[in-house]
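Reader: I have a structure open and would like to learn how to read it. Please take me through it feature by feature.

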Amino acid sequence: MTSRSLKPYLYVLPALAVICLFGFVAMGISLWVSLTKYDLVAGSHGYVGLANYREALSGADSFFRVAFLNTFYYVVLAVPATWIVSLLLALMAHKVKRAQAAFKTIYFLPTITPMVIVSLVWFQLLGVYGNPLGSVRWAMPAIALLGVWQACGYFMVIFLAALSDIPQDFYDAASIDGANAWQQFCHVTIPLLRNATAFVLVMLIIGAFQVFTQIYIMTNGGPAGSTDVLAAAVFKEAFEATGRAGYACAMAWLMFLCVAVFVVIQMRLTRSGRIYD
Amino acid sequence: MLLATVALLVVALAPGRTEPGAAELVVWDWWSPSTTESYKAYFDELAQQFQDRHPDIRLRFQFIPFSNYPQKLTTGFAGNRPPDVFQCSVSWAETLFDRGVIRELNDLVDRTPALAMDQFLPAAVRHNQKDGRIFGIPIILDANCLIYNVDLFEQLGLPTDPHAIDSWETFLEFCRKLTLRDASGRILRAGFGLNSYRLSAIMFHPWLYANGGTFYDPATGRAAFDSPEGIEAARFLLRLRDQKVVPPFSPQLDIQEQFIAGKIAMFIEGTWSGKYIERNSEGRVRFAMTNLPPGPHGRGRSTVTWANMLMMSKACKHPEAAWEFIKFVAGIDGSLLRLKHLGQNSPRKDLYERPEWKEMVARKPYLAMVPEICVSGAKRPWFESSAAETAFGPYFERLLISGTADDVPAVMHAAADHITRIFERARAFFVGTAVSGPLSVVRCQTAAASAACLVTSPPCRLVSRRRPSDGDRT
């Protein structure tokens, strides 16, 4: 191999080393820990095979099942809502000819505001308006609402970029064929946004399954456990209970599998076919 | 370029420069100079006085908020970078010791008469040792207590004597008189501050112990709050809710804030709360503290008392220097500093004989009852308490939000069963793993006993499987 052909590999080596060390090595360790009885402080452990996974899936006090259902509920609420709202905002912003940058900035602001601050503000705000956080039924929808508000600016920008890439000719041709605005939206815009939609949905599903900060700040899993989610369950088991780091890692791997399954399903459903790459 | 980067990294990662011969101690605390100006003054004077006496020891304080403290401790120990000395909550102390990362202090205590266990109030030295092995030196003695607005009591002609509320029925009667409603029935002022959200477990404990119950029974290894005493305590809290003498429950409800605003007449917090109420109300609210009246099954006024402590990690490189620091902070001089700056009582007996304490009580009358409250408090076992309270919260929260008196036994039994399994799991961890240190517990099979039994070492002795080897014995 010549020095010329080695050069590109040397360029990517530092980044690859960091990714391997903090990504794959850490994942490997957590996979191993999930097969042991492990305590973060004592460090002692014993190989238990798949016992932690069995306990998560079928144990008498399995926090995993409750947390999974709550997390799934959050995903169902937050993912479609964020997708729809961010697409609508992008469509509106796309039509605006003046001060488009100002609109983009305004909608993007919640995304760059730290979630801790946003959560504290919403916590007080929701207390004034009916206090859904105090209701077993409404706490999760309220948290999902915050998630939508916070995330839609970011995804709006992605949709906006994708909308700008759609050639005007397509709309002109559709118009000549007699398509109205709704038909143009359904048969031109939506199909040509499939690449962006696939990306947005993958990111939304991953983010929604990992929801943690707003719940930790606003409800800490309450009321009555109605907002206990997977990431919080992993955190609580790892740090609050003796010798449960292995169990927490097993839950984290199950969470990873859930996300992977949903992402694969979603990728198959929104396979773009590389329409106009 | 590469060399320069490496050199920069080496410089950046190098440990701080220490004077030749000086020992550097890393000290962790959740109290912080940034909490209030009083804490800043306390830490400034503490560091100054200690440095004057020990110029050869350099203190490096690291302040970590209480809510992040257990996670930070865990990662510190997991990464083998724990603090040398740290303030430890009673919630985590015993389990840290059980995990073999804390230095036993008996040898140091034996040669330090000022820190002998008989220098402390009995209530202060029941959570810092196990089977005679001392793992922490108490520096603060805390108890849950009932805090009441003296001005409101006087306005309504209610007796302000701390012992005037002598039963739960009298308490309820006081609550009714103190509750103020408008014409529509909306509560303008609640007799008592109770909230179902987040704090529900903490709200329950003092009532449980005032009724003669206990959260955990070391003799059986079971969660014991589903006893008749516990069920009665939970039902009493539901009665307070149903009689509408408490504010509407809300996640945003800040009970201390409402107390200061005059919208709540009584609430339960801790003996440490006085300084915050005084500061946040700018001295406008006249209040007093007392222990809880006995419940129907109670044996006199009571509450829950505990002592937080200073601990030394096993990894401490300068144990002698660390002990000097502990001696100073947990000794009478450290106690006097906390009294002076924080108005804090002490686990030490000798503080209460000092003129400084009497002067402070004259200045802050709410402190007068603090020794009695602390001494009257029951010992609450803190074994695996974080996990237990996390599990207990949702059960009790649901009960307070929508439960009825008839629901109480079933909910309490379900919660107790769940938490008993948590205790069993934690005990099994210590049984099934070889944790270093004197507490290692091993499973053995004897010829005499066909069933597996637990044997603690040393000395080797048989104990029933249901009996917790790591229970809360003092």
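Reader: In chain B, what share of the contacts with a separation of 6 or more comes from residues 24 or more positions apart?

Author: This is a predicted model. In chain B, 73% of the contacts with a separation of 6 or more join residues 24 or more positions apart. For chain A the corresponding share is 74%.

Reader: How much of each chain counts as buried?

Author: In chain B, 46% of the 474 residues are buried. In chain A, which has 277 residues, the buried part is 36%.

Reader: How do I describe two packed helices?

Author: Two packed helices are described by the angle between their axes and the distance between the axes. In chain A, take helix α3 (residues 63–95) and helix α6 (residues 139–165): their axes are 6 Å apart and the packing angle is about 40°. The crossing of α3(A) past α6(A) is right-handed. The residues of this contact comprise 22 nonpolar, five polar and no charged.

Reader: How many residues does each chain give to the contact between chains A and B?

Author: The size of an interface is often given as the accessible area lost when the parts come together. Here the description is by residues: chain A contributes 29 and chain B contributes 34. On the side of chain A that touches chain B, the elements giving two or more residues are α5 (115–128) and α11 (230–240) of chain A. That side of chain A consists of ten nonpolar, 14 polar and five charged residues.

Reader: Where does pLDDT stay under 50 in chain B?

Author: Where pLDDT is low, the predicted coordinates should not be read in detail. Chain B has a mean pLDDT of 85, with 86% of its residues at 70 or more. Residues 8–18 of chain B stay under 50, and the model has two contacts beyond four places in sequence for them. Residues 434–474 of chain B also stay under 50, with 67 such contacts in the model.

Reader: What are the ipTM and pTM scores?

Author: The model scores ipTM 0.82 and pTM 0.83.

How values were computed
Residues numbered from 1 in each chain as written. Chains lettered and ligands numbered in written order. Predicted model: local features only at pLDDT ≥ 70, side-chain atom pairs only at ≥ 80, totals over all residues. Buried ≥ 20, exposed ≤ 12 C-beta atoms within 10 Å, placed from the backbone. Contact = placed C-beta atoms within 7 Å. Helix = DSSP H or I, 4+ residues; strand = E, 2+ residues; numbered from the N terminus. Nonpolar A, V, L, I, M, F, W, Y, C, P; charged D, E, K, R; others polar. Axes fitted to C-alpha atoms, helices over the stretch in contact; angles between N-to-C directions. Left-handed = near helix turned anticlockwise from the far one by under 90°. pLDDT = per-residue confidence, 0-100.
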